Amino acid sequence: MVALYKILAIFRKDFRDALRDARVLVALIVPLGIGVFYNLTFEDETTPEATVVYAAAEQTRLPEVIRSFVGDTVRITFEQLPDESEVRQRVADEDADLGLIVPAGFDAAVAAGQSPELIVLQPPSASFASSFVAAAVEPAVRALSGQQPPAIITMEQVAETPDEATVIDSVGLRVWAVMAATVMMISMIAMLAVPIVLTEEVEKKTLDALILIVSYPEVIAAKALLGVVYVAVMVPVLLLITRIQPSDSAIFVATVVLLSVTLLGFGLLMGGMFKNANQLNTWGGVFLLPVIAPAFIVGLGLPDTIDRIASIFPTGGATKLLLDSATDQRLFSDSLTSFVVMAVWGFAAYALLVWQLSRRQA
Amino acid sequence: MAAAPVIEVEGLVKRYGAVQALAGISFSVAEGEIFGFLGHNGAGKTTTIRVLTGRTKPTSGSAKVAGHDVVSDMPRIKPLINLVFEDQNLYERLTGYDNLILFADLYRQPHSRAEELLSLVGLSDAAKRRVKTYSSGMKQRLLVARALINRPRVLFLDEPTRGLDPASAREIRNIIRDMSREGTTVFLTTHSMEEADELCDRVAFLAKGRIVALDTPRELKLRYGQRTATVLLRDRREVQICLDDATDARRLAEWMEAGEVLTIHSNEGTLEDVFIALAGQPL
């Protein structure tokens with residue numbers, strides 16, 4: 001018989017007590033710090049950008065037509081300047097990726113077939129975006145003159161073949177890293193912070209005092225609740241700081257909950273195996289490494305075999321689901337498998353935990 | 001004994017692998033009694049407490065606390081008992097008050113009970129201090145307070161005064177005595193023969209997992225002590241006389257008639273003497 005009031009009493013004690021333990025604090029704060037660090041270090045944007053400055057004595061449609069030829073390949077920003085010298089200066093300073101000097105009456109002259117002079121200025125070291133936009137000027141001018149292009153050339157940036165494309169290319173390094181850090185955070189809470197709290201109870205023999213009035217399952221349930229609450233607080237804090245809002249909240253929450261419950265099973269199992277919390281703190285890293293590693297392997301575009309191995313770990317499956325939920329895209333086709341992987345590991349963990357508890361009670 | 005037994009142990013055996021910790025002990029403890037359990041380290045004292053408090057299962061035999069079997073009916077026993085552990089197993093990062101509040105919640109007692117007990121053990125002023133700043137004596141008093149949180153019917157104390165200075169040990173003994181007066185049954189294990197002699201209504205001597213003697217301290221001392229007395233005479237001579245010897249009785253009468261006797265001390269022995277006589281070596 002499990003009594004909720006006993007579980008809550010132990011949980012309240014643990015919540016206050018554990019936060020005063022430096023080892024637990026480290027387990028909570030390190031992954032948060034890593035997530036924030038990744039967030040600040042990595043950029044989301046993968047589309048190249050180009051700033052085009054131009055001087056035109058009269059209104060011209062040239063920028064608008066160039067934009068239509070460039071399409072989505074380059075994110076282009078036009079900026080009109082008062083005179084030619086200022087355009088030259090900005091390009092020379094590499095403050096702009098391209099400069100255009102458009103003479104007076106350019107659009108009309110082009111339309112009349114008079115071949116007016118258009119000056120295109122490139123900076124000393126032209127970027128890909130700069131060259132791409134420069135290449136679009138000629139077809140744009142032809143279009144202004146009313147010439148039908150000999151062929152309609154559609155420029156597409158062809159996606160890499162699945163073998164070569166990485167998830168990072170699709171979601172961006174920042175999102176990938178923060179999702180991996182989320183998995184790391186859950187792993188450290190479940191397999192380091194919570195086991196430390198449990199092992200300390202054994203080490204200091206406070207567990208003996210609890211067992212006088214509560215049962216082992218009640219103690220275990222209280223520790224699991226502590227882990228779930230730590231996750232429920234820390235993961236939103238990480239998302240808040242990194243300003244990442246999952247597109248599919250349901251998948252995100254389901255993944256976080258299932259991964260937490262699964263890893264807490266292993267963490268509590270581990271907590272019952274060590275004699276003292278310092279020993280656990282020291283060796284915990286060895287256990288954590290293979291647990292956290294799959295989170296940072298999934299999406300890197302490593303060989304299939306490695307990716308498959310990573311996917312059979314609950315953290316590998318969880319990372320896939322979190323990446324899927326973080327964007328509008330379906331990056332992985334095996335969502336159900338990932339949930340099943342976590343559930344199977346969770347079942348194994350709790351079966352072992354029940355066995356361990358029954359031995360302890362015997 | 002008049003009162004009904006609140007602890008009944010019959011043929012209790014406990015083995016840890018090849019090691020036999022308890023070799024079939026039997027005893028009973030009456031309601032409101034202070035029962036002392038004495039023995040060397042490893043004699044089986046703590047194992048007996050572990051069995052009676054449901055923290056380990058016996059290999060064979062039976063034990064009942066408050067009429068409930070410790071194996072099959074432990075959930076009914078748990079709210080009725082408490083234990084002062086041999087180790088000072090407190091939450092050291094929490095305050096004394098918070099330590100008691102946790103157990104008040106677990107035993108469904110009002111928080112005012114924690115304040116009441118802190119006052120009883122003289123820790124009201126230190127209630128809001130973290131336990132790691134407490135002295136050993138203060139921690140021990142807090143342990144006693146924690147064990148009283150549920151007003152236990154049976155209070156187990158495992159070496160409650162071990163390592164304490166005489167003043168702190170005295171305070172703990174006074175609390176134990178008060179609890180007993182209020183009707184709590186006390187099961188006490190100790191190494192201190194003086195403590196057992198002072199506190200216990202009955203004591204059991206445990207050696208190698210067996211009870212080798214069980215009676216009131218006075219009866220044990222009488223049974224195993226010497227029936228002699230030391231007489232100090234006016235001329236400062238000390239003379240040993242045998243209480244069962246008619247010649248010695250006449251000599252004593254003569255000395256007394258002549259006003260020669262300054263003091264007479266009976267040599268009834270101590271519990272320590274009794275233990276040595278039974279177990280072969282001192283505690």
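A residue is counted as buried if 20 or more other C-beta atoms lie within 10 Å of its own, as exposed if 12 or fewer do, and as partly exposed in between, with C-beta atoms placed from the backbone. The structure is a predicted model, in which local features need pLDDT of at least 70 and side-chain atom pairs count only at pLDDT 80 or more, while totals for chains, interfaces and linings use all residues. Residues are numbered from 1 along each chain as its sequence is written, and chains are lettered from A and ligands numbered from 1 in the order in which they are written.

Leu83(B) is buried because 23 other C-beta atoms lie within 10 Å. Leu83(B) belongs to strand β6 of chain B; strands (E, at least two residues) and helices (H or I, at least four) are DSSP runs numbered from the N terminus. Two residues are taken to be in contact if their C-beta atoms, placed from the backbone, lie within 7 Å. With neighbours within four places in sequence left aside, Leu83(B) is in contact with Leu212(A), and also with Ile49(B), Thr53(B), Ala147(B), Phe156(B) and Asp158(B). The C-alpha atoms of Leu83(B) and Arg146(B) are 8.6 Å apart, although 63 residues separate the two in sequence.

Chain B contains 10 helices and 13 strands, and its C-alpha trace spans about 70 × 45 × 35 Å along the principal axes. Of the 283 residues in chain B, 38% are buried. Among contacts in this chain between residues at least 6 apart in sequence, 67% join residues at least 24 apart.

The contact between the chains takes 16 residues from chain A and 17 residues from chain B. On the side of chain B that touches chain A, the elements giving two or more residues are β6 (81–84) and α3 of chain B. The most comes from α3(B), with 3 residues. By class, this side of chain B has 8 nonpolar, 3 polar and 6 charged residues, where Ala, Val, Leu, Ile, Met, Phe, Trp, Tyr, Cys and Pro count as nonpolar, Asp, Glu, Lys and Arg as charged, and the others, Gly among them, as polar.

Helix α3 (residues 96–106) of chain B packs with helix α1 (residues 4–18) of chain A at an angle of about 165 degrees, the axes being 9 Å apart. Therefore α1(A) is roughly antiparallel to α3(B). Axes are lines fitted to C-alpha atoms, for helices over the stretch in contact, and angles run from 0 to 180 degrees between N-to-C directions; those under 35 degrees count as roughly parallel, over 145 as roughly antiparallel, 65 to 115 as roughly perpendicular and the rest as oblique. Lys6(A), Ala9(A) and Lys13(A) of α1(A) make the contact with Leu102(B), Asp105(B) and Leu106(B) of α3(B). This contact has 3 nonpolar, no polar and 3 charged residues.

Within chain B, the axes of helix α8 (residues 217–224) and helix α10 (residues 271–279) cross at roughly 60 degrees and come within 9 Å. The pair α8(B) and α10(B) is therefore oblique. Pro217(B), Leu220(B), Lys221(B) and Tyr224(B) of α8(B) meet Leu271(B), Asp273(B), Val274(B) and Ala277(B) of α10(B). The contact of α8(B) with α10(B) has 6 nonpolar, no polar and 2 charged residues.
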